[in-house]
Amino acid sequence: DRILAATAGDAGKAALDWQLIDALQSREEFNRELIETVGEDEDGLYNAIDFRDYLLATRHLPVGGKDKVGVIVARGMILDGEQHSGLVGGDTLADLLRQARLDDDIKAVVLRVDSEGGSAFASEIIRQQLLELQAADKPVVVSMGSIAASGGYWISANADEVWATPATITGSIGIFGAFPTVEESLSKLGVHTDGVGTTQMADAFRIDRALSPAVASAIQSSINAGYKRFLGVVASGREMPEADVDKIAQGQIWAGSDAQRNGLVDQLGGLDDAIRAAAALAKLTNYTEESIKPPVSPQELLLGRLTGVEQTLSRIVGGVFERELGAPRGLATSSALASFKPLLREWQRLSLWNDPRSTYVFCGDCARL
């Protein structure tokens, strides 16, 4: 305060007085002085070179070429259709993989997987696009983040190489079906439903009625077929007998180092290691990396600016607890959050599940780690 008060709040003048800088100049003054020192370019600016160009010119960096290794990130729960950032949409990610396949400059792809899984249908949509990439002679290398389990492993199994860190949680090769209904909750509120249908499937997917035996049987059949399919995907991708895959499947989760020992992972390393491996598989020595991601929509830009929602919810819920329980403010707020957060988290997760066949390859244990 004393230093700034001496210059009436002029921070630049204060820095000059204390010899932290040599001079105060406008941009034009700075430009003219540098022109006197290093010369002028055709645009009337001082001669300069970008630091990357300098490093290239002095051979401190490998020369970048036209060939590229594309990097695509699959982070979050895998859901059907198009999804926003933070979730893996089957159609959204498939479009990015198709974009990489059709780009002649992209010679190999690294898929960075950080997902506990989700929709079995969406996972298969993604896997099929990865197979199309390989059919186009573009190697695919998977780099696993903290979690790449269940559906996250489904989309990884057919990669040319799978990389993980020793602490990566992977595996969880299993499948389950879910169709939430609320008839018991409604019954407690005194709400009941009835009706007449022309077939036993007429009210098959009404959430206000118990799941009918016919629908339950159909979902169970899908689960059995889905698990068999999952085993086949892994057996084919990892070149292992299906019986051996079954021994390490059954929903079991593995750390990356253990997954390497049982054949689910090829190498231990990070994203940079995976990128180098992809370049080697494509026989590239002169290449650059390119992040392939969907454009940010106006809605996502807006949502990104809407911060403080959780704090607002905390104040509202905490206020209710204070009024109803007469608890001190801090205690009421913390109690409210402790009570509601797990419920809200589970409800948000369940409300997102949209697999068309209600079958999921999701690692529930991973979500609690």
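On a 1 Å grid over the protein atoms alone, a cavity is a set of points where a 1.4 Å probe fits but cannot get out, and its volume is the space filled by probe spheres set on the points, which are joined across faces, edges and corners. The model is predicted, with local features requiring pLDDT of at least 70 and side-chain atom pairs pLDDT 80 or more, whereas totals for chains, interfaces and linings use all residues. Residues are numbered from 1 along each chain as its sequence is written, and side-chain values use heavy atoms, with hydrogens and water left out.

The structure holds one cavity of 30 Å³ or more, and the largest cavity has a volume of about 30 Å³. Its lining (residues with an atom within 4 Å of a point) consists of Leu130, Gln134, Val140, Ile155, Ser156, Asn158 and Ala159.

Helices are DSSP runs (H or I, at least four residues) numbered from the N terminus. The axes of H5 (residues 90-102) and H6 (residues 120-135) come within 9 Å and cross at roughly 5 degrees, where axes are lines fitted to C-alpha atoms over the stretch in contact and angles run from 0 to 180 degrees between N-to-C directions. H5 is therefore roughly parallel to H6, a term for angles under 35 degrees. In the contact (heavy atoms within 4.5 Å), Leu93, Ala94 and Leu97 are among the H5 residues, and Ile125, Ile126 and Leu130 among those of H6.

Two aromatic pairs are present, with ring centres within 6.5 Å as the criterion. Phe30 and Tyr46 form an edge-to-face pair (planes over 60 degrees apart), at 6.2 Å centre to centre and 80 degrees between the planes.

Definitions and conventions: Helices (H or I, at least four residues) and strands (E, at least two) are DSSP runs, numbered from the N terminus. Angles under 35 degrees count as roughly parallel, over 145 as roughly antiparallel, 65 to 115 as roughly perpendicular and the rest as oblique. On a 1 Å grid over the protein atoms alone, a cavity is a set of points where a 1.4 Å probe fits but cannot get out, and a pocket is an open set with protein on both sides within 12 Å along at least five of seven lines; lining residues have an atom within 4 Å of a point. Rings of Phe, Tyr and Trp (its six-membered ring) pair if their centres lie within 6.5 Å; planes under 30 degrees apart count as stacked, over 60 as edge-to-face and the rest as tilted.
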